[in-house]
Amino acid sequence: MFFHKKEPIHVVNVGDADPRFAQLLLEQFGGATGELSAALQYWVQSFHVENPGIKDMLQDIAIEEFGHLEMVGKLIEGHTKNVDQTEAYKSTLFAVRGMGPHFLDSQGSAWTATYLNEGGDVVRDLRANIAAEAGARQTYESLIKLATDQKTKETLVHLLTREISHTQMFMKALDSLDKLTDPLFGNIQPDETVDLYYNLSTNGNGKDERGPWNSEPTFKYIANPLESHS
């Protein structure tokens with residue numbers, strides 16, 4: 001059961017309307033990294049989870065993301081409806097589809113469920129969610145840099161901030177499962193190559209790049225995979 005309170009979770013105001021910027025905002029309404037994608041992804045994932053605490057977290061965040069969708073929609077509405085229609089139509093998408101938000105991204109591609117990343121395993125899903133929040137945060141950062149209206153920027157900064165908050169929540173949930181840094185999950189045990197790093201690229205000067213991603217104690221470095229294979 002859902003109840004909708006007809007005010008956004010955070011105040012949304014638009015000072016100087018800009019329909020062309022509204023077209024960019026569509027990326028976070030009907031785009032791959034948008035709020036609709038996040039809300040549906042987390043909501044569906046919650047049905048796969050046995051842990052009651054993590055299930056509750058996913059549903060709470062999903063509902064917040066629906067609230068964020070409303071905020072982005074109100075921004076798009078403010079940037080398109082309260083302007084001269086001739087000015088609004090300088091953005092081709094709104095000239096064709098009408099004012100306000102649509103389930104399109106900034107390039108006019110329709111939203112699709114292929115944007116959703118859920119697979120029925122809580123560890124896998126939480127890791128997918130961290131990546132989803134990173135993608136949304138990157139998009140909001142780009143929008144903030146392009147925005148000229150200060151009131152719009154304030155809303156976008158709030159939305160970016162909540163992406164960081166959600167990332168921390170997902171990381172804490174993974175940590176509670178002892179899977180924040182452990183790549184192994186599921187029932188199938190890996191084979192003997194699990195700790196091998198194959199040196200399969202070179203920069204041409206004969207010096208291989210080394211770091212914790214290919215060094216002891218986690219990894220055994222295979223400098224010449226051809227010799228090792230033979």
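The model discussed here is a predicted one. S46 belongs to helix α3, and, once residues up to four places away in sequence are set aside, S46 touches K55, L58 and Q59.

Helix α3 covers residues 35–46, and its twelve residues should span 16 Å at 1.5 Å a residue, which agrees with the 17 Å that separates its end C-alpha atoms. Nine of those twelve residues are buried, so α3 is largely enclosed by the rest of the structure. The buried set consists of E35, L36, S37, A38, A39, Q41, Y42, Q45 and S46, and these residues pack against α2 (27–30), α4, α7 (122–146) and α8.

E65 is placed in helix α4, which comprises residues 52–80, whereas H166 is found in helix α8, residues 150–176. E65 has 0% relative accessibility and therefore counts as buried, and H166, likewise at 0%, counts as buried. Leaving aside neighbours within four places in sequence, E65 is in contact with E35, A38, A39, Y42, E133, E163 and H166. With residues up to four places away again not counted, H166 touches I61, E64, E65, H68 and E133, and the side chain of H166 also makes a polar contact of 2.9 Å with the side chain of E64.

The unreviewed UniProt entry also lists D56, D60, N199 and S201 under "binding site". These residues span 146 residues in sequence, and the farthest two C-alpha atoms are 44.8 Å apart, so they do not all gather at one spot. D60 lies in helix α4 and is partly exposed, with a relative accessible area of 48%. N199, by contrast, is found in the loop between β1 (196–198) and β2 (220–222), and counts as buried at 16% relative accessibility. Apart from its neighbours within four places in sequence, N199 is in contact with D208, Y221, I222, A223 and P225; with D208 there is a polar contact between the two side chains, at 3.3 Å.

The relative accessibilities of selected residues are set out below.

| Residue | Relative accessibility | Class |
|---|---|---|
| E65 | 0% | buried |
| H166 | 0% | buried |
| N199 | 16% | buried |
| W111 | 21% | partly exposed |
| Y115 | 22% | partly exposed |
| D60 | 48% | partly exposed |

Aromatic residues form a further topic. A search of the whole structure finds six aromatic pairs. The rings of W111 and Y115 have their centres 6.3 Å apart and their planes at 80°, so this pair is edge-to-face.

Technical notes: Residues numbered from 1 in each chain as written. Predicted model: local features only at pLDDT ≥ 70, side-chain atom pairs only at ≥ 80, totals over all residues. Heavy atoms only, no water. Helix = DSSP H or I, 4+ residues; strand = E, 2+ residues; numbered from the N terminus. Buried < 20%, exposed > 50% of the residue type's maximum accessible area, 1.4 Å probe, protein only. Contact = heavy atoms within 4.5 Å. Polar contact = N/O pair within 3.5 Å; in protein donor to acceptor, adjacent residues only side chain to side chain. Expected span 1.5 Å × (residues − 1). Phe/Tyr/Trp six-rings, centres within 6.5 Å; stacked < 30°, edge-to-face > 60°. UniProt positions renumbered as here; feature names shortened; annotations may be inferred.
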